[in-house]
Amino acid sequence: MIEDFESQRRRMFSLAYRMLGSAAEAEDVVQDAYLRWHGAERQHIRSPGAWLAKVVTNLCLNRLTSARATRERYVGFWLPEPVASGALGPMETAEQRDSVSMAFLVLLERLTPAERAVFVLREAFSYGYREIAEVLDLSEANCRQLLLRARRRVGEPRRFDPPGERRQRIVELFLTAARSGDLAGLEQVLAADVTAWADGGGRVTAALRPVVGRAKVVRYVAGIAGRYRAGAELAYAEVNGQDGILAWRGGDLVTVFVVEVAGGRVAGLCTILNPDKLSHFRVLAGS
């Protein structure tokens, strides 16, 4: 029934997005899953959730092989498409928020498709090894080996501060200092090893490599802030489980900033400028 599918829609999108790092492709996968659900003999499906998880995972695996080749040709640094946190399922724990962070999704790009599938199902959705084996048509032993390799490749991801007044205050201080050109204020709010990434995809001028270190990031932020002092409207949004800033110009969304806060300081700044990656937010905002 359509109700069974709709009850699983957000979970399917959350799974596909973690697998692909693309909101547009995740939506396509969910639509493909619906077509398969519509044509299936549902009287033989004991658990709609398990059946759909297997379909979505395998559709994503098919896409990941071609996605890797495409990203090797990507102009500049590749970042995931930003997504409003509400579309990504529960954000009640640090693990759930961290599993959709920009930094985490970039780390997942190191994995093979099979490693990524096992890692996402286990770490983000708490699947047991038997469940993962059934989804991927592999043995439990093979799944355990894939997870061990994935964990070694990913390493220990940076843990970000939980939502709250303290984190919001840090973001406010950062935004105020950036907009006013207060370099000393920026230095105080940035971590020593802060890193800034920008994704223009060759469509918009952006730094082609990460900018690392407090002194360099201060100059970098001061430079890009100048673009938004006049004629731009900024609005707060929770993006990928973190604090985000949406920049609008003439009623059009032109940039999404994601501010990563760890240890009471800004540890990372992701700037998504590629207009192809802003379409998901534009649709949600009715732009």
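Predicted model: local features only at pLDDT ≥ 70, side-chain atom pairs only at ≥ 80, totals over all residues.
Residues are numbered from 1 along each chain as its sequence is written, and side-chain values use heavy atoms, with hydrogens and water left out.

**Figure 1. The whole chain.** The chain holds twelve helices and six strands; these are DSSP runs, numbered from the N terminus (helices H or I, at least four residues; strands E, at least two). The C-alpha trace spans about 65 × 40 × 40 Å along its principal axes. A compact globule of 287 residues would have a radius of gyration near 19 Å, and the chain agrees with this at 20 Å. The radius is taken over C-alpha atoms, and the globule rule is 2.2 Å times the number of residues to the power 0.38. Of the 287 residues, 49% are buried (buried is under 20% relative accessible area, exposed over 50%, partly exposed in between; 1.4 Å probe, protein chains only). Among contacts with a separation of 6 or more, 66% join residues 24 or more positions apart, a contact being heavy atoms within 4.5 Å.

Figure 2. On a 1 Å grid over the protein atoms alone, a cavity is a set of points where a 1.4 Å probe fits but cannot get out; a pocket is an open set with protein on both sides within 12 Å along at least five of seven lines; lining residues have an atom within 4 Å of a point. Grid points are joined across faces, edges and corners, and a volume is the space filled by probe spheres set on the points. The count is three cavities of 30 Å³ or more. The largest cavity holds about 150 Å³. Its lining consists of Phe174, Leu175, Ala178, Arg179, Val221, Ile224, Ala225, Tyr228, Leu234, Ile245, Phe257 and Leu269. H9 gives the most, with four residues. By class, the lining of the largest cavity has eleven nonpolar residues, no polar ones and one charged (Ala, Val, Leu, Ile, Met, Phe, Trp, Tyr, Cys and Pro count as nonpolar, Asp, Glu, Lys and Arg as charged, and the others, Gly among them, as polar).

Figure 3. Asp137 follows H7 and is placed in the loop between H7 and H8. Its phi is near 55°, a positive value in a residue other than glycine. Asp137 is exposed, with a relative accessible area of 57%.

Figure 4. Ser126 is found in the loop between H6 and H7. The phi of Ser126 is positive, near 55°, in a residue other than glycine. With a relative accessible area of 60%, Ser126 is exposed.

**Figure 5. The second largest cavity and Met12.** About 60 Å³ of space lies in the second largest cavity. Gln8, Arg11, Met12, Leu15, Gly49, Leu52, Ala53, Phe125 and Tyr127 line this cavity. Helix H1 (2–20) and helix H3 (48–72) are the elements giving two or more residues to the lining, and the largest share, four residues, comes from H1. The lining divides into six nonpolar, two polar and one charged residue. Met12, in helix H1, counts as buried at 4% relative accessibility. Leaving aside neighbours within four places in sequence, Met12 is in contact with Phe5, Val30, Ala33, Leu52 and Val56.

**Figure 6. The largest pocket.** The volume of the largest pocket is about 350 Å³. His44, Ile45, Arg46, Ser47, Ala50, Trp51, Lys54, Tyr127, Glu131, Glu134 and Val135 form the lining. H3 and H7 are the elements that give two or more residues to the lining. The lining has five nonpolar, two polar and four charged residues.
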